[in-house]
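Keep the model open while reading.

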Amino acid sequence: MLKQVSLICFLIFSCYMGIKSKDLKHLTNELEVNVAASRVWELYRHLGISMLTARELKTVIQSVQVLKGDGGVGTILKLIFVPGNSSYTERFIKIDDEKKVKVAKGLEGGCLAIGCSVQIVRLDIIEKTSDSCIIRSDIGYAVKEEFEANDPKPNIQLLAAAAQITKRFLESSKNDA
């Protein structure tokens with residue numbers, strides 16, 4: 001039922017953004033974490049996950065710049081990658097504390113720089129038990145017609161790495177407590 005509701009919300013959002021759902025492709029990563037969903041959401045909800053990931057992946061991320069906002073809806077975040085000549089900028093367009101869902105729309109860089117017309121990152125923190133949850137990272141994207149032969153794809157590896165960093169960070173701090 002949760003998957004159906006999520007799909008319906010995503011389709012409504014896609015229509016609002018002027019995207020035809022048949023044109024969207026998805027890359028998804030899921031990781032189980034042995035920490036309460038509320039603790040994981042505290043890290044993902046605002047800027048914490050971006051800052052933690054940048055600190056842990058210094059060989060990948062040169063810096064994180066908050067161009068606008070404080071981590072809530074409307075915040076514009078720019079990641080500058082090592083060696084500093086490529087970047088990705090996104091705007092947080094939805095943060096749902098009840099459902100533990102965060103959605104960001106890519107503004108520039110990422111797959112937008114190689115032929116995609118839209119890139120939407122959706123992060124879901126799904127409660128499994130009172131002490132465990134699943135971090136689901138999904139990138140929805142559409143390819144411009146003139147680039148379809150090149151089959152450009154966003155890279156989900158950074159989101160997968162962020163989930164692994166979250167798991168290691170929160171599970172180790174849970175064991176230290």
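## A bridge between strands 5 and 6

Lys-102 has Leu-123 of strand 6 as its bridge partner. That pair belongs to a set of 5 bridges joining strand 5 (residues 101-109) to strand 6 (residues 116-129), and the two strands run antiparallel. Two strands count as paired if DSSP finds at least two bridges between them. Helices (H or I, at least four residues) and strands (E, at least two) are DSSP runs, numbered from the N terminus.

This is a predicted model: local features need pLDDT of at least 70, side-chain atom pairs count only at pLDDT 80 or more, and totals for chains, interfaces and linings use all residues. Residues are numbered from 1 along each chain as its sequence is written, and side-chain values use heavy atoms, with hydrogens and water left out.

## Overall layout

The protein has 4 helices and 7 strands. Along the sequence, the pattern reads α-β-α-α-β-β-β-β-β-β-α. Buried residues make up 45% of the 177 residues. Buried means under 20% relative accessible area, exposed over 50%, and partly exposed in between (1.4 Å probe, protein chains only).

Contact means heavy atoms within 4.5 Å. Of the contacts with a separation of 6 or more, 52% come from residues 24 or more positions apart.

The 7 strands form an open sheet in the order 1-7-6-5-4-3-2, with antiparallel pairing. Strand 1 (25-33) and strand 2 (61-68) are the edge strands, each pairing on one side only. Neighbouring strands are turned by 20° against each other on average, direction ignored. Axes are lines fitted to C-alpha atoms, for helices over the stretch in contact, and angles run from 0 to 180 degrees between N-to-C directions.

Helix 2 (residues 37-45) packs on the sheet. It touches strand 1, strand 4 (86-96), strand 5, strand 6 and strand 7 (132-143), and its direction makes about 155° with that of strand 6. Helix 3 (residues 48-56) also packs on the sheet, touching strand 2 and strand 3 (76-81). The direction of helix 3 makes about 155° with that of strand 2.

## Strand 7 and its partners

Strand 7 is largely enclosed by the rest of the structure, because 11 of its 12 residues are buried. On one pairing, 9 bridges join strand 1 to strand 7, running antiparallel. On another, 12 bridges join strand 6 to strand 7, also antiparallel. Strand 6 and strand 7 form a hairpin with 2 residues between them.

Which residues stand opposite Cys-133 in strand 7? Val-33 is one of them, and Glu-127 is another.

## Nonpolar cores

Nonpolar side chains tend to be buried together in soluble globular proteins. A nonpolar core here is a set of buried Ala, Val, Leu, Ile, Met, Phe, Trp, Tyr and Cys residues joined through side-chain atoms within 4.5 Å. The largest core has 34 residues, and Val-40, Tyr-44, Ile-125 and Ile-135 touch the most other members.

Ala-162 lies in helix 4. Ala-162 is buried, with a relative accessible area of 6%. Beyond its neighbours within four places in sequence, Ala-162 is in contact with Tyr-44, Ile-49 and Thr-53. The C-alpha atoms of Ala-162 and Ser-50 are separated by 8.0 Å, though the two are 112 residues apart along the chain.

## The largest pocket

The largest pocket has a volume of about 670 Å³. It is lined by 36 residues, of which Leu-79, Phe-81, Tyr-88, Leu-158 and Leu-159 lie nearest its centre. Helix 3, strand 3, strand 4, strand 5, strand 6, strand 7 and helix 4 (157-176) each give two or more residues to the lining.

On a 1 Å grid over the protein atoms alone, a pocket is an open set of points where a 1.4 Å probe fits, with protein on both sides within 12 Å along at least five of seven lines; lining residues have an atom within 4 Å of a point. Grid points are joined across faces, edges and corners, and a volume is the space filled by probe spheres set on the points.

## Backbone details

A cis peptide bond joins Val-82 and Pro-83, with omega about 5°. Pro-83 sits in the loop between strand 3 and strand 4.

Lys-100 is not a glycine, yet has a positive phi of about 60°. Lys-100 is in the loop between strand 4 and strand 5, and is buried, with a relative accessible area of 18%. Asp-151 also has a positive phi, near 50°. Asp-151 is found in the loop between strand 7 and helix 4, and is partly exposed at 36% relative accessible area.
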